[in-house]
Every structure is written in structure tokens, then in C-alpha cells.
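Welcome! Open your viewer, get your selection tool ready, and follow along stop by stop.

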Amino acid sequence: TDGIAMNGIMRLFTDVGRSPVLQHTRDGRIVVSAFAAERRSAAFWTSALSTLSSMGYDVALVPMPVGGWVGNAAHFDGVPLYGASSWGTRTVSGAKSILTDGAAAHAAGLVWMCPVAPQDSRPKNLSFVEADNSQAFRAQWDAAIASGADWVQLITWNDYSEDSEIAPSSRTRTAFYDLAAYYVAWFKTGAAPPIVRDGLYLFHRAQDMHAMPDLTMQRSVYKAVNGPTTSSDQIEVVGMLTSAGTLEIEVAGQTSRLDVGAGLQSFRILIAAGTPTARIVRGGATVLTLTSESPISNTIVFQDPLYHGTSSTTCAQ
């Protein structure tokens with residue numbers, strides 16, 4: 001109920017509202033964002049801000065509706081907002097909505113906090129969103145930069161129950177973390193960082209999602225949701241190249257190649273059982289090699305839609 005929600009907000013501020021680590025605006029207001037804020041009325045949020053003000057807390061509210069900002073903006077009519085955000089998508093095509101949401105927020109005179117997340121698989125629900133290796137993550141960053149976002153929210157979960165982590169882990173390792181560092185620098189400085197050394201980053205699942213699990217152990221197969229309804233079973237290498245070269249992916253005894261220019265480049269091939277190896281080749285000589293730390297096997301008991309990662313260089317020191 002609204003009463004229970006209001007009491008929860010009041011208790012939260014009583015516990016941590018004076019903490020010096022809270023984000024504040026330049027005029028001293030505490031920045032507060034609320035997940036699925038559209039589930040409460042405009043009257044509720046206006047009342048909440050008034051209540052917090054009477055407690056001595058001046059709040060800059062940045063609601064984060066689940067279904068995007070444009071479709072939910074009218075829900076907050078009359079609420080004195082500081083900014084707007086969205087839970088966002090985890091798909092390549094869905095990243096386009098970030099541009100629309102950002103433009104609408106800025107047109108209303110609001111700060112735009114852009115959502116960025118690498119993927120979303122949920123073992124507890126046997127569902128996943130098809131993120132197309134690192135493509136959705138990079139598309140969201142591109143949209144954040146193109147939309148002139150004021151802030152970026154890197155959406156992740158510390159408990160890993162929904163598999164959207166960016167922090168180094170035993171499966172994603174530092175791959176998304178390292179890509180985030182590149183884009184954070186771009187976002188903060190307004191220019192793509194110069195690439196001063198070659199780098200390789202592999203992204204792939206540890207199995208083809210068409211491989212059949214043991215349904216005596218797993219109650220049903222995973223379902224793709226909130227985007228493409230079928231999985232994209234690919235191996236991707238992202239290359240950071242100081243100059244033009246050839247990207248190679250070798251797996252199951254086959255080598256695929258793509259000639260690319262300098263800069264951030266991506267190459268994808270169909271998934272195959274084995275341990276993928278990626279290379280940068282110039283002038284017929286291999287200048288960098290990266291072997292995946294996640295072998296691919298289609299002999300499985302449980303499905304795992306998580307995209308694993310491996311990096312040749314990392315900023316996680």
C-alpha cells in the first residue's frame with residue numbers, strides 16, 4: 001500500500017539520509033531514483049517529497065520507470081522532478097529507445113540518466129534477454145553518448161541473481177568491466193579514447209542455446225523474453241586496434257577472418273563446440289592472441305544463457 005511504501009521511504013532516510021556518501025546535486029539536494037516509480041501515483045510522489053522536506057531532506061527525484069520514459073512521463077505530471085531515467089533494455093534494437101527517452105527528458109528540462117547494462121539472464125525464472133554478445137552493451141553506450149545523457153546508470157546486481165553484473169566475476173571475468181572503462185572515458189571526455197595498445201575481448205556462451213538440457217534436472221528450457229524470441233548463438237571478438245589488421249577466430253579446427261581498420265572493431269561467427277582463440281594479424285604475423293577461458297560444450301545438464309568473457313588486457317588491477 002502507499003502507506004507502507006511511505007513508511008519505508010521515511011525509515012530509509014532516517015537510517016542513511018545524513019550519510020556523506022550520498023550523491024548530491026550542486027545545490028545540495030539528495031539524488032533519489034526509484035525503480036518502477038510509475039507503480040505509484042503522482043500524488044504519492046508529491047506527498048513523499050513534501051514529507052521528506054518536512055524531515056529536513058531536500059530531494060532531487062529521478063524516477064526510473066520500467067517501460068521507458070516516453071511512455072510513462074505523463075504519469076509524473078505535477079511532480080517536481082529533477083531528472084528522468086528508465087530501466088532500459090538489454091537488446092540492440094531496444095537501445096534506440098534511449099535516444100527517444102533522452103530527447104524527451106531534455107525537452108522537458110530534466111536531467112537524463114541513461115541506463116546501460118550488459119545482459120540479463122535469470123536462472124530463477126528460466127528466462128533471458130538476447131543481448132547478442134557485447135552488441136547490446138555497446139549499443140546502449142553509443143546511445144548514451146549520442147543522446148547527450150547527463151548521467152549514466154550502470155545497471156547491475158551485486159548478488160548476481162539476475163546475471164547483469166559488470167564487476168569482474170568467474171564467468172564474465174573482466175570483459176564487460178574493461179569495455180565499460182573505455183566507454184566511461186569516452187562519455188566523460190566527449191571523445192573516444194585513443195587506442196595506444198592492441199587488445200582483444202571474447203564474448204560467447206559456454207553452450208549453444210539449442211542444446212537440450214536434462215529435463216529431469218531442469219524443469220523446462222529457457223525462454224527468450226523482452227526482445228528477440230530466439231537466441232543468437234555467436235562467438236564474438238571485440239578488437240581494440242592501434243592500426244588496421246585482420247581479426248581471426250579459431251574454433252573446432254576452423255579459422256574465420258575479417259579485415260578491419262583501426263579502432264574498436266567487432267567480428268562474430270556461429271558458435272561451435274571447442275575453445276575459441278582470437279588473434280590480431282598484421283602483415284602475415286600474429287601480433288596478439290587470446291584464448292577463451294570458457295570452453296564451449298553442447299553436452300549439458302543445465303542451460304546457461306550467460307555470455308562469458310575473456311580479456312587480453314584489463315584495467316581491473
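On this tour, a contact, or touch, means heavy atoms within 4.5 Å. This is a predicted model, in which local features need pLDDT of at least 70 and side-chain atom pairs count only at pLDDT 80 or more, while totals for chains, interfaces and linings use all residues. Residues are numbered from 1 along each chain as its sequence is written, and side-chain values use heavy atoms, with hydrogens and water left out.

**Stop 1: a helix**

Helices (H or I, at least four residues) and strands (E, at least two) are DSSP runs, numbered from the N terminus. Select residues 42-54, which form helix α2. The expected span of a helix is 1.5 Å times one less than its number of residues.

Buried means under 20% relative accessible area, exposed over 50%, and partly exposed in between (1.4 Å probe, protein chains only). Now highlight the buried residues of α2: Ala42, Phe44, Trp45, Ala48, Leu49, Thr51 and Leu52. They pack against α1 (2-16), β1 (30-35) and β2 (59-64). After α2, look for Gly56, which has a positive phi near 100°.

**Stop 2: a sheet**

Two strands pair if DSSP finds at least two bridges between them. Next, show the open sheet of three strands, ordered β3-β4-β7 with parallel pairing. Its edge strands, β3 (83-84) and β7 (151-154), each pair on one side only. Strand β4 (residues 111-116) is joined to β7 by four bridges, and Val116 has Leu154 in β7 as its bridge partner.

**Stop 3**

Zoom in on Val111, in strand β4. Does Val111 count as buried or exposed? Val111 counts as buried because its relative accessibility is 15%. Leaving aside residues up to four places away in sequence, Val111 touches Tyr82, Gly83, Ala84, Ala105, Asp150 and Trp151.

**Stop 4: a hairpin**

Finally, select β11 (residues 245-251) and β12 (residues 254-260), which pair in the antiparallel sense over seven bridges. Val251 stands opposite Gln254 in β12. Two residues lie between the strands of this hairpin, and Ala252 takes a positive phi near 55°.
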